[in-house]
Amino acid sequence: MSPFAAWREGVRRVNRAPAILIGVWVLTLLVSVPLALALRSMLAQHLGSSLAADTAASGVNYDWMQEFSDQATGLGTTFKPTMVSTRT
């Protein structure tokens with residue numbers, strides 16, 4: 001089977017089972033939203049009302065990210081520069 005035929009077959013199967021697609025989407029939200037909120041809380045607590053918070057609000061502050069990574073434990077260790085979009 002060619003790659004295009006395999007892709008077309010996959011699309012056909014997804015279209016025939018929308019409940020599975022919606023179920024996977026909901027499950028992904030149920031797992032990721034609480035983790036994202038917890039990480040958001042950790043970042044807000046670490047930034048506080050510092051100058052680093054102002055810099056982070058206007059762009060990416062790699063020095064602060066390195067400092068956070070060095071001190072982070074648990075879920076905070078998953079925060080990496082690759083998670084941040086630099087588009088404005």
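Mentor: Let's start with a term: a residue is buried when its relative accessible area is under 20%, exposed when over 50%, and partly exposed in between, using a 1.4 Å probe and protein chains only. This is a predicted model, where local features need pLDDT of at least 70, side-chain atom pairs count only at pLDDT 80 or more, and totals for chains, interfaces and linings use all residues. Residues are numbered from 1 along each chain as its sequence is written, and side-chain values use heavy atoms, with hydrogens and water left out.

Trainee: Which residues in α4 are buried?

Mentor: Helices here are DSSP runs (H or I, at least four residues), numbered from the N terminus. In α4, the buried residues are Trp64, Met65 and Phe68. They sit on the same side of α4 because they cover an arc of only 100° around the axis, taken from the directions from the helix axis to the C-beta atoms.

Trainee: What does the face turned away from that buried side carry?

Mentor: Asp63 and Asp70, both exposed, are found there.

Trainee: What do the buried residues of α4 pack against?

Mentor: Contact means heavy atoms within 4.5 Å. By that rule, they pack against α2 and α3 (51-58).

Trainee: At what angle do α2 and α4 cross?

Mentor: Axes are lines fitted to C-alpha atoms, for helices over the stretch in contact, and angles run from 0 to 180 degrees between N-to-C directions. For α2 (residues 18-47) and α4 (residues 62-71), the axes come within 12 Å and cross at roughly 110°. That makes α2 roughly perpendicular to α4, a label for 65 to 115 degrees.

Key. Helices (H or I, at least four residues) and strands (E, at least two) are DSSP runs, numbered from the N terminus. Angles under 35 degrees count as roughly parallel, over 145 as roughly antiparallel, 65 to 115 as roughly perpendicular and the rest as oblique.
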